[in-house]
2 protein chains.
Amino acid sequence: MNPVNLKRLAQELNLSIATVSRALQDSYEVSPQTKERVRALAAELDYRPNEYASSLRRNISKTIGVVIPEVNNHFFSLAINGIEEVARQNDYHVLIYLTHEDFEREVAITQYLTGGRVDGLLMSVASGSQEFGHLQKLHASKPAIVFFDRVCDALQTAHVTTNDYESGYQATRHLLEAGCRHVAHLLVSGNLSIGRMRMQGYQAALQEAGLPFDDTLVLSGEGDDDHNTALIANLLRARPEIDGVFASVERLAISTYLACQTLNLTIPADLKVIGFSNLGVAALLNPALTTITQPAYEIGREAATILLRAIEKKRPILPTQSVVLKSELFPRRSTARE
Amino acid sequence: MNPVNLKRLAQELNLSIATVSRALQDSYEVSPQTKERVRALAAELDYRPNEYASSLRRNISKTIGVVIPEVNNHFFSLAINGIEEVARQNDYHVLIYLTHEDFEREVAITQYLTGGRVDGLLMSVASGSQEFGHLQKLHASKPAIVFFDRVCDALQTAHVTTNDYESGYQATRHLLEAGCRHVAHLLVSGNLSIGRMRMQGYQAALQEAGLPFDDTLVLSGEGDDDHNTALIANLLRARPEIDGVFASVERLAISTYLACQTLNLTIPADLKVIGFSNLGVAALLNPALTTITQPAYEIGREAATILLRAIEKKRPILPTQSVVLKSELFPRRSTARE
DNA sequence: CTGTTAGCGCCTTCAT
DNA sequence: ATGAAGGCGCTAACAG
């Protein structure tokens with residue numbers, strides 16, 4: 001059984017390969033009758049073009065890559081959901097790579113990607129990344145890049161983010177208004193743009209309330225969950241005056257909850273907690289956890305849309321195309337998927 | 001600036017393209033000195049092979065596809081985590097496709113994949129899929145397929161599953177031993193293998209306890225979360241004798257919880273609930289939710305390992321290579337990622 | 001050990 | 001409206 005390719009179709013129809021190719025692309029310079037004949041046989045034999053050949057020839061892969069820290073996280077899951085949606089609508093394929101917050105892996109992956117495998121890239125940088133030579137090299141090599149959530153400012157391209165400064169400010173104010181006077185702040189990494197923005201919001205709210213900024217109340221939780229939980233427990237034990245916690249990511253909010261369990265602290269009676277979270281259900285299951293939810297699905301859609309549009313138009317992406325979406329305070333539900 | 005390809009390297013080194021190619025593949029029939037010269041220049045120019053050309057020529061793409069219902073779900077997220085891990089270790093790329101439990105999409109995706117874009121496929125079928133002609137056609141066309149969790153028996157290949165019958169039995173027994181006499185069962189779809197197995201375990205436990213199987217206590221929740229929650233609330237309202245619920249998937253367990261809230265029922269005082277869940281944190285955040293956790297990460301690793309091994313050896317996958325892993329009852333944590 | 005040659009399947013001038 | 005021919009970048013068989 002011969003493989004079903006253009007050659008085979010051409011032979012069976014007594015046409016040239018070129019004509020068959022054109023017919024399948026619905027070229028205007030092929031007669032309607034011929035088109036019909038070609039299409040009929042293609043359907044009958046279930047012809048599928050070899051996309052690798054096409055990619056090689058046209059230097060376009062119809063594939064985008066998604067590079068994120070992890071997928072086991074509602075924010076990124078929902079974002080992928082949005083990305084995949086847009087990709088499929090435009091007949092693009094989605095390759096996925098996980099950095100696990102590890103700089104080395106991120107570098108390895110970007111190298112892996114230099115070489116035309118993808119037409120574009122959607123990326124949220126790892127918390128350990130401080131240096132961006134690998135991204136610059138990649139960007140120079142070809143693919144368009146759009147950052148979402150965790151941004152890299154060193155590249156001349158668009159970002160899709162949320163109003164992190166404002167959210168940090170509002171979250172902190174929420175605690176202050178509830179009567180807190182010693183608010184701790186938990187963040188993943190001071191390297192990350194989102195961490196910095198949220199922290200600035202936190203500082204602004206404190207300042208506005210006439211409270212001092214105490215950097216010993218700021219904790220950076222970069223390890224695994226158990227480690228972070230222990231760190232938080234230590235902090236709470238050492239500083240009993242802490243009456244509020246603003247967790248800048250979901251996992252730290254949960255670790256805070258667990259730390260409170262071990263210390264027999266009740267939320268929100270003993271300690272008020274507010275945290276970023278896209279795990280809508282967790283908030284529902286435990287109303288004591290106050291949350292800020294990012295529109296993750298929309299972020300994914302938005303980022304993918306900008307990327308694909310730029311690819312199709314073969315135009316570089318400009319920073320001016322960046323988009324800032326709004327997070328939702330105290331949401332009742334996680335973002336729906338469609 | 002010329003593109004950096006084999007031709008370019010060959011010219012600059014006064015070698016033939018073939019020799020350069022061989023040198024980069026560390027072929028034994030190239031002198032060490034030449035290899036070194038080639039490697040040095042390749043590194044200097046940051047040469048990256050064009051993988052599409054290579055794929056075209058060798059008819060191997062070093063890419064696998066993952067087709068799953070959704071990613072915004074801890075089970076699948078963790079599975080992807082495991083899959084990506086194994087793939088990267090073996091220098092494979094991972095394409096991802098979401099069916100959203102929709103049969104039509106599943107068919108469209110499989111057609112999309114017929115044509116050599118992937119060497120293999122990892123798949124968990126959509127709940128709406130009852131007919132598997134699309135999968136058989138795909139399988140016949142080329143790529144190796146391994147099913148995980150939601151299996152398709154119609155294909156002659158391996159599955160990676162968990163001990164669903166046993167888990168269903170144990171979950172139901174857990175409720176019976178806690179004194180329940182009217183245990184409802186919630187499942188996604190009677191079409192799915194996992195649904196059937198878990199239900200059989202449920203029935204076996206009832207039978208063993210001398211209780212009748214009442215199919216009006218079995219609810220199939222195929223809609224969205226709000227819809228399911230309403231269905232469950234209706235059931236609980238109409239049948240106040242229900243004192244236990246066995247939810248066969250996480251989302252239904254959560255919907256049960258929400259339904260109880262609207263009815264002012266307390267778990268576990270008024271109603272005992274046990275559910276499959278990979279959302280370890282949710283269970284931690286609400287200890288009233290008793291859970292069964294599948295080793296999702298290991299399932300992903302296992303499935304990917306079987307698939308890649310078969311691809312590398314160019315051997316068909318046999319049903320005898322199937323693996324059954326064990327779910328964990330009442331776990332303290334979700335499966336770690338590494 | 002190295003080079004020459006012939007494609008993989010597809011697209012795209014250029015010619016008719 | 002159709003065909004012939006060349007080449008995308010790489011690999012593999014065959015020479016030497």
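Which N or O atom contact does the side chain of B:Tyr47 make with DNA strand D? In this predicted model, an N or O atom in the B:Tyr47 side chain lies 2.5 Å from a phosphate oxygen of DNA strand D. Phosphate oxygens of DNA strand D are also placed 2.6 Å from a polar backbone atom of A:Ser16 and 2.7 Å from a polar backbone atom of B:Leu6. Two or more residues of the surface near DNA strand D come from each of H2 and H4 of chain A and H2 and H4 of chain B.

Around DNA strand D there are 27 residues, of which A:Ser16, A:Arg22, B:Leu6, B:Tyr47 and B:Arg57 come nearest. By class, this surface divides into 11 nonpolar, 10 polar and six charged residues. Sugar or phosphate accounts for 64% of the atoms of DNA strand D within 4 Å of the protein, and bases for the rest.

The surface near DNA strand C holds nine nonpolar, nine polar and six charged residues.

Of the DNA strand C atoms within 4 Å of the protein, 61% belong to sugar or phosphate and the rest to bases. On the phosphate side, a polar backbone atom of B:Ser16 is 2.8 Å from a phosphate oxygen of DNA strand C. Base nitrogens of DNA strand C lie 2.7 Å from a polar side-chain atom of B:Arg22 and 3.1 Å from a polar side-chain atom of B:Arg57.

How values were computed
Residues numbered from 1 in each chain as written. Chains lettered and ligands numbered in written order. Predicted model: local features only at pLDDT ≥ 70, side-chain atom pairs only at ≥ 80, totals over all residues. Heavy atoms only, no water. Near = heavy atom within 4 Å. Polar contact = N/O pair within 3.5 Å; in protein donor to acceptor, adjacent residues only side chain to side chain. Nonpolar A, V, L, I, M, F, W, Y, C, P; charged D, E, K, R; others polar. Helix = DSSP H or I, 4+ residues; strand = E, 2+ residues; numbered from the N terminus.
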